[in-house]
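This report describes selected features of a predicted model.

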Amino acid sequence: SPIIWVNRSLPLWGLQVSVALISLSETLLLSYLSYKGSIWEQILRIPFLLEIINAVPFTITIFCPVLRNLFIPVFLNCWLAKHALENMINDLHRAIQRTQSAMFNQVLILISTLLCLIFTCICGIQHLERAGNRLTLFDSLYFCIVTFSTVGFGDVTPKIWPSKLLVVIMICVALVVLPIQFEQLAYLWMERQKSGGNYSRHRAQTEKHVVLCVSSLKIDLLMDFLNEFYAHPRLQDYYVVILCPAEMDAQVRRVLQIPMWSQRVIYLQGSALKDQDLLRAKMDDAEACFILSSRCEVDRTAADHQTILRAWAVKDFAPNCPLYVQILKPENKFHIKFADHVVCEEEFKYAMLALNCICPATSTLITLLVHTSRGQESLQSPEQWQKLYGRCSGNEVYHINLEESTFFAEYEGKSFTYASFHAHKKFGVCLIGVRKEDNKNILLNPGPRYIMSSTDICFYIHIAKEENSAFKKQEKHIKNHESNYYPGASRLPVHSAIASMGTVAIDLQDTGSRTSSGDTLAVPSEGGKESRRPSIAPVLEVGDLSSLQTCDLLSDQSEDETTPWDDEATAGLEYAKGYPPYSPYIGSSPTFCHLLHEKVPFCCLRLDKGCQHNYYEDAKAYGFKNKLIIVAAETAGNGLYNFIVPLRAYYRPKKELNPIVLLLDNPPDMHFLDAICWFPMVYYMVGSIDNLDDLLRCGVTFAANMVVVDKESTMSAEEDYMADAKTIVNVQTLFR
């Protein structure tokens with residue numbers, strides 16, 4: 001009797017009947033509207049059954065007053081409330097077009113399911129125990145929590161069999177429903193961890209971040225980027241958001257768990273071609289976007305096409321975000337001219353190899369300069385300098401006058417030299433090498449301990465043009481701790497090395513030591529107002545009339561007329577100076593070079609086969625006066641054009657031009673031959689570096705430089721460090 005009948009007052013009965021009628025009407029209406037031909041599909045739905053169990057008995061009590069105190073499990077309506085809440089959340093997300101809601105929905109379903117289970121158990125135990133222990137609502141809550149947590153103290157237990165049966169049923173339901181919910185939640189959480197979630201809008205607006213877009217993330221690429229990026233002290237507070245379509249591998253995951261990186265690097269799995277993923281990375285708020293390519297790609301052209309599409313997508317989504325793009329093939333550069341900075345690997349590589357032929361170890365020097373190193377701190381005061389090295393001996397010092405700023409230190413009547421890199425920070429000049437008069441070797445990065453003498457040849461990098469700086473020789477007389485300076489009249493030998501990141505990546509000029517009658521770096525007068533000619537002509541890249549006139553005015557210092565060459569030796573060197581009439585790819589800006597008056601027939605470009613114009617079949621038969629430069633490559637790619645241009649630049653003296661022989665595994669196409677047939681002394685032959693006969697035929701015994709280019713067909717190795725294995729073995733074979 002206590003279980004079946006309850007004491008229900010008339011106002012409460014009226015309220016419950018009203019709610020039941022409204023809810024039942026709504027359920028029947030929705031069932032009718034959603035009817036699709038199967039009546040049993042509508043009736044057997046759990047929400048419909050719960051509605052019938054709770055609403056129909058109240059409707060019956062209207063016509064049968066005797067049943068007004070009949071117990072009806074109204075607490076089961078909590079499951080209907082749970083179902084309605086899920087529908088409301090889904091409709092809300094659909095209305096606001098929120099797609100990243102799977103995790104939120106699953107957490108909501110899990111919490112609501114757990115609460116409904118506990119609430120159903122509490123109400124059921126409390127009602128059934130009215131015929132037993134007469135538990136209060138709090139005692140029922142205590143019993144349910146202890147039971148579901150598998151603790152089971154035993155101080156509160158059901159006494160009658162209906163209560164025990166309900167506990168068994170609830171435990172079975174919990175064992176079935178809750179693990180399913182937890183499994184789905186864990187799966188979504190793992191997928192979210194793989195995809196990386198989102199970079200919050202609040203953090204994007206309050207913190208600075210950059211986005212790194214890559215097709216596949218290797219540990220070497222990641223560490224090189226992070227170490228160089230965070231080497232600058234101003235970038236320590238930046239976040240790096242990695243946007244990569246591939247799943248994070250184990251090595252990258254371990255590295256990103258290191259505290260130094262876990263707080264600053266965020267990995268997002270996604271594509272730069274999807275606005276949804278760009279929005280996750282907050283690309284529109286990013287300080288910069290870096291789009292990098294992997295060097296060990298099987299198809300480098302396809303990799304460039306992907307890079308181009310990523311650059312287009314980022315520029316379209318965030319037009320104000322600075323874009324830094326790495327491209328592999330030079331013919332693809334013109335597609336991304338809109339990017340703020342574009343680095344072409346193949347173009348840069350061949351230009352570096354060409355400069356190695358002019359000045360050995362140039363590529364090593366540039367590589368060391370662009371990589372961050374942990375060097376010694378420069379001395380900041382003469383006191384520190386004197387403490388380490390004592391006072392200088394001698395009265396003569398040299399200093400660089402940079403826009404009326406001197407580059408030397410004075411302490412108690414003696415002169416001391418500051419560190420070169422300290423001067424670089426302060427004046428924009430960096431001393432990278434010194435050669436003594438009696439030594440042929442060059443001391444690289446002499447550092448703050450080196451004291452220069454009057455006969456030293458200095459190699460330095462300067463931000464401004466060289467004509468804005470001058471070398472002065474000053475004599476120092478010490479009298480009563482007062483110093484007076486007198487300008488000297490002697491001239492210094494200057495070797496100039498200019499690194500110009502232009503169309504052909506880097507252009508280097510070595511003017512050599514001139515005689516006293518030649519054009520050298522003039523010593524300005526004491527007032528510094530006397531005009532003088534610049535020591536180096538600018539490298540022209542735009543073929544307009546003004547550029548040509550400027551070149552005619554300035555190029556005489558690198559012409560052969562300034563040096564008394566032998567007339568017989570230069571009689572046959574009839575070359576013109578101009579811009580190459582044909583470029584192998586779109587986007588290659590013209591560079592002023594030594595050219596032939598008429599292009600060479602294609603048959604004459606072949607070194608190892610004679611033709612109707614000449615009968616030579618090897619390099620020895622040509623009788624070249626200068627030593628050869630041999631390039632061993634797999635194919636004649638467009639980047640190889642950038643190897644030839646620096647070696648035929650207009651400032652190179654005609655007498656010093658070296659013949660260039662291209663040793664190719666595959667025959668070049670007609671477009672490449674059209675581009676190189678205008679350059680003097682450029683030949684090719686089909687052969688392999690593995691073949692001794694091919695090496696001898698192309699003149700390896702007469703070569704000054706042998707350049708071996710890595711082969712694209714062997715770069716896609718399973719182990720990244722083995723990508724250059726074939727090239728290394730070939731070079732060792734060549735040495736032997």
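Which residue stands opposite Cys 289 in strand 5? The residue is Leu 323.

## The sheet

In this predicted model, strand 4 (residues 288–291) and strand 5 (residues 323–327) run parallel and are joined by three bridges. Both belong to an open sheet of six strands, ordered 3-2-1-4-5-6 with parallel pairing. The edges are formed by strand 3 (265–269) and strand 6 (341–344); each has a single partner strand, so one side of each lacks a neighbour in the sheet. From one strand to the next, the twist averages 15 degrees.

## Helices on the sheet

Helix 9 (residues 219–229) packs on the sheet and touches strand 1 (209–213), strand 2 (239–244), strand 3 and strand 4. The direction of helix 9 makes about 155 degrees with that of strand 2.

Helix 14 (residues 345–358) lies across strand 5 and strand 6, and runs at about 60 degrees to strand 6.

## Helix 6

Helix 6 (residues 137–148) has 12 residues, which at 1.5 Å a residue should span 16 Å; the end C-alpha atoms are 17 Å apart, in agreement with that value.

The buried residues of helix 6 are Ser 140, Phe 143, Cys 144 and Val 146. These residues lie on the same side of helix 6, because they cover an arc of only 165 degrees around the axis. On the other side of helix 6, Leu 137 and Phe 138 are exposed. Just after helix 6, Thr 150 adopts a positive phi of about 60 degrees.

Terms used:
Residues numbered from 1 in each chain as written. Predicted model: local features only at pLDDT ≥ 70, side-chain atom pairs only at ≥ 80, totals over all residues. Heavy atoms only, no water. Pairing = 2+ DSSP bridges. Helix = DSSP H or I, 4+ residues; strand = E, 2+ residues; numbered from the N terminus. Axes fitted to C-alpha atoms, helices over the stretch in contact; angles between N-to-C directions. Contact = heavy atoms within 4.5 Å. Expected span 1.5 Å × (residues − 1). Buried < 20%, exposed > 50% of the residue type's maximum accessible area, 1.4 Å probe, protein only. Arc of directions from axis to C-beta.
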